[in-house]
Structure formats: structure tokens, C-alpha cells
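Trainee: Could you walk me through this one before I start working with it?
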Amino acid sequence: MSEALRRHVAAFNNRDLQALLDGFTEDAVWITGSSVVRGHDELTELFSGAMEQLLPTLKIENVLADGDQVAAQLTERLTHNGEDHIFPIAGFYRLSGGRIASAKIYREGSAELG
């Protein structure tokens, strides 16, 4: 398994924002649904909001890694408007220096919670 992805998921699940940000390059790009965030300031806003409002956790199901590219199947559990949700996710990551430089995340159904 990709060590960078394992650290990312552990920091995310522990709601350790600083450890999560340390796993990204300074100019990292994160794409989920129609949302695109760039750099640590925007990543901080995205992840701190999600951690506080949705209480998400991730579980890695499968990983394929080839050099600096990682594809992963994950399961996300979160709470939205008082309801628990479980979503299968596919994530495609590009690494640089052992940190995430870009990610494209696909959530089964819709990435937008309405």
C-alpha cells in the first residue's frame, strides 16, 4: 500500500488537520465532484469544514500503485443533516516527494451533498 495514502487516511480519520496538510505538497490540487481546491489555504478550509460538519471516516479497501501514481478504492462514512451515509469512493492520486500533489476523488452517486 502507498505509505502516503496510509498516512493521509490516518490523519483524516484522526481529524489531525496539521498531519493531513503535511501530507500534501504546497501547491497540491484536490478535485471532488465540481469542487477544485488548490494549495494549503484552500485545503485547510475544505478539510477543516468537512471534519467539523460531516464527521467523516475513510477505510482503504484496495490500492494499486505505480511509481508516483496511486489508485484506491475506499469507503467513506459520514453524517449529513443528522443522517449516517456510506459511500464507495475511487481516488486517483499523484505523488511528489512522498506527498500528495494532486487527487481526483469520485464518490458513488454524487459528490455533492444536498
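This is a predicted model: local features need pLDDT of at least 70, side-chain atom pairs count only at pLDDT 80 or more; totals for chains, interfaces and linings use all residues.

Trainee: Which pattern does the protein chain follow along the sequence?
Mentor: The pattern reads α-α-β-β-α-β-β-β-β, where helices (H or I, at least four residues) and strands (E, at least two) are DSSP runs numbered from the N terminus.

Trainee: And what does the C-alpha trace span along its principal axes?
Mentor: The trace spans about 40 × 30 × 25 Å.

Trainee: OK, α1 then: which of its residues are buried?
Mentor: In helix α1, residues 3–13, they are A4, L5, H8, V9, A11 and F12, with buried meaning under 20% relative accessible area for a 1.4 Å probe and protein chains only.

Trainee: Where do they sit around the axis?
Mentor: They cover an arc of only 165°, which puts them on the same side of α1; the arc is that of the directions from the helix axis to the C-beta atoms. After α1 comes R15, with a positive phi near 55°.

Trainee: Switching topic, what lies 2.7 Å from a polar atom of the S48 side chain?
Mentor: That is the backbone oxygen of T44, and the backbone oxygen of E45 lies 3.4 Å from a polar atom of that side chain. S48 itself belongs to helix α3, residues 39–53.

How values were computed. Residues are numbered from 1 along each chain as its sequence is written. Side-chain values use heavy atoms; hydrogens and water are left out. Buried means under 20% relative accessible area, exposed over 50%, partly exposed in between (1.4 Å probe, protein chains only). A polar contact is a pair of N or O atoms within 3.5 Å; within protein, one must be able to donate a hydrogen and the other to accept it, and residues adjacent in sequence count only if both atoms are side-chain atoms.
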